[in-house]
Amino acid sequence: MKTIIEKIRRGAESFTGQEEEALRRAGSIIRQGGLVAFPTETVYGLGGDALNGDSARRIYEAKGRPSDNPLIVHISRFEDIGAIVSCIPEEAVRLADAFWPGPLTMILRKSDRVPCETTGGLDTVAVRLPAHPAARRLIEYSGGYIAAPSANLSGRPSPTEAKYVMEDMDGRIDMILDGGEVGIGLESTIVDLTVSPPQILRPGYVTRERMAQVLGKVDTDVTIMDGNSGQAPRAPGMKYRHYAPRGRLTIVEGRPEQVAAYMNRRTEEDRANGEKTGIIGTRESLRQYRADVVKCLGERADEEAIARNLYSALRQMDQEQVTRIYSESFPANGFGQAIMNRLLKAAGHEVVKL
Ligand code: TXA
Ligand code: MG
């Protein structure tokens with residue numbers, strides 16, 4: 001299959017004739033059962049018709065993803081939610097008022113319109129109303145309901161730029177809409193509204209604290225930060241080794257000078273053992289690091305830059321064939337919880353505390 005690439009200007013709120021044409025064409029591909037990767041404000045999605053079981057099956061195949069791992073259904077208007085859920089709890093309305101359109105996914109009881117392929121056999125459905133204008137226009141042109149996981153091969157870091165979608169999906173899907181680099185860089189927050197109190201299954205840009213201001217009590221799935229809880233994560237996708245680079249990754253926690261000294265000593269030993277070494281760090285410490293490849297995520301205080309650059313740094317380590325990677329650790333509160341959740345999963349929870 002030849003994968004067509006069409007460009008949409010980054011940040012565009014309205015579209016040129018050519019962009020409209022590309023979006024309309026992409027929509028018709030999806031309505032006919034095909035697959036289109038598209039930008040959202042979080043990461044690139046791999047879209048198919050959410051109400052067509054065959055499309056869902058094609059998504060699993062293109063990603064190499066186990067079919068018991070459910071997909072998120074993307075809508076472009078709140079009123080469209082009625083067709084795919086069996087009831088709309090009051091919490092959903094309050095969260096939608098506060099955070100939609102935006103990087104929040106709600107788990108609700110599904111209606112019969114949603115095929116079991118889309119939900120991986122579950123009787124619940126994940127729903128998200130993205131903020132990205134091109135994503136929303138595409139959803140409209142596709143008939144209103146796009147099932148879209150992140151547009152990476154299963155297990156790899158989610159793509160934050162179209163070139164990373166190409167790396168994983170060229171020849172496997174019909175089209176890629178290239179909207180440039182995404183804004184947030186980590187996947188949406190997932191909150192389960194079928195339990196009481198509501199529970200966060202995956203942390204993201206919309207934090208627990210902000211949701212608690214709207215809903216009162218909000219819990220967090222214990223498995224999110226704890227690799228040894230002995231429990232299974234409640235979002236099926238969170239149980240797989242995920243977001244991971246090919247090289248082995250260790251997170252190093254401690255005072256900056258200690259961390260730099262430790263990483264430099266270890267990378268020297270690793271190199272003597274024939275490894276190609278890499279360090280993922282922040283602007284403040286960068287000068288101190290002596291690995292073969294050093295990637296900067298931004299300034300330590302700039303969580304948004306760290307989130308936006310994390311997956312790209314992991315992918316660049318792969319590209320440069322780094323086999324042994326060390327990363328700085330980050331404070332896990334607020335949005336930082338999402339950063340550390342992804343980093344811990346990428347590292348298989350391997351952390352050195354100095
Ligand atoms: O930001 C995002 O959410 C991106 C963009 C493309 O919208 N999408 C994304 O999808 O991250 P994906 O498939 O990579 O991750 C979806 C996660 C998986 O961990 C899956 O198990 C979980 O959502 N999920 C989906 N439906 C669920 C359900 N009914 N119950 C529990 N977890 C569910
Ligand atoms: Mg994913």
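The exercises below work through a predicted model, from its ligand to its backbone.

**Exercise 1. The shell around ligand 1**

Task: State how many residues surround ligand 1 and how they divide into nonpolar, polar and charged.

Solution: 
- Step 1. Count the residues with a heavy atom within 4 Å of the ligand. The shell of ligand 1 holds 28 residues, and the closest are T42, N69, H74, S188 and G237.
- Step 2. Sort the shell by residue type. It has 15 nonpolar, 8 polar and 5 charged residues.

**Exercise 2. Polar contacts and burial**

Task: Find which side chains place an N or O atom 2.7 Å from an oxygen atom of ligand 1, and which one lies 3.0 Å from a nitrogen atom of the ligand. Then state how much of the ligand the protein buries.

Solution: 
- Step 1. Look at the oxygen atoms of the ligand. A polar atom in the side chain of T42 is 2.7 Å from an oxygen of ligand 1. In the side chain of H74, an N or O atom also lies 2.7 Å from a ligand oxygen.
- Step 2. Turn to nitrogen. The side chain of T124 has an N or O atom 3.0 Å from a nitrogen atom of ligand 1.
- Step 3. Take the ligand alone, then with the protein. By itself ligand 1 exposes 680 Å², of which the protein buries 98%.

**Exercise 3. Where the ligand sits**

Task: Name the pocket that holds ligand 1 and the elements that give two or more residues to the shell.

Solution: 
- Step 1. Locate the ligand. Ligand 1 is in the largest pocket.
- Step 2. List the elements. Two or more shell residues come from each of β4 (72–74), β6 (124–128) and β10 (199–202).
- Step 3. Pick the main contributor. β6 gives the largest share of the shell, 4 residues.

**Exercise 4. A salt bridge within a helix**

Task: Describe the salt bridge between R24 and E21 and say where both residues lie.

Solution: 
- Step 1. Check the distance. The closest N and O atoms of R24 and E21 are 3.5 Å apart, and the cut-off is 4 Å.

**Exercise 5. Backbone angles**

Solution: 
- Step 1. Read omega from W100 to P101. The bond is cis, with omega near -5 degrees; P101 is in the loop between α3 (90–99) and β5 (104–109).
- Step 2. Repeat for S196 and P197. This bond is cis, with omega about -5 degrees, and P197 is in the loop between β9 (189–192) and β10.
- Step 3. Read phi. Q321 is not glycine, yet its phi is positive, near 55 degrees. Q321 is in the loop between α8 (303–319) and β15 (324–328).

Definitions and conventions: Residues are numbered from 1 along each chain as its sequence is written. Chains are lettered from A and ligands numbered from 1 in the order in which they are written. This is a predicted model: local features need pLDDT of at least 70, side-chain atom pairs count only at pLDDT 80 or more; totals for chains, interfaces and linings use all residues. Side-chain values use heavy atoms; hydrogens and water are left out. A polar contact is a pair of N or O atoms within 3.5 Å; within protein, one must be able to donate a hydrogen and the other to accept it, and residues adjacent in sequence count only if both atoms are side-chain atoms. Accessible areas come from the Shrake-Rupley method with a 1.4 Å probe; for residues, only the protein chains shown count as cover. On a 1 Å grid over the protein atoms alone, a cavity is a set of points where a 1.4 Å probe fits but cannot get out, and a pocket is an open set with protein on both sides within 12 Å along at least five of seven lines; lining residues have an atom within 4 Å of a point. A molecule sits in a cavity or pocket if more than half of its atoms lie within 2 Å of its grid points. Ala, Val, Leu, Ile, Met, Phe, Trp, Tyr, Cys and Pro count as nonpolar, Asp, Glu, Lys and Arg as charged, and the others, Gly among them, as polar. A salt bridge is a side-chain nitrogen of Lys or Arg within 4 Å of a carboxyl oxygen of Asp or Glu.
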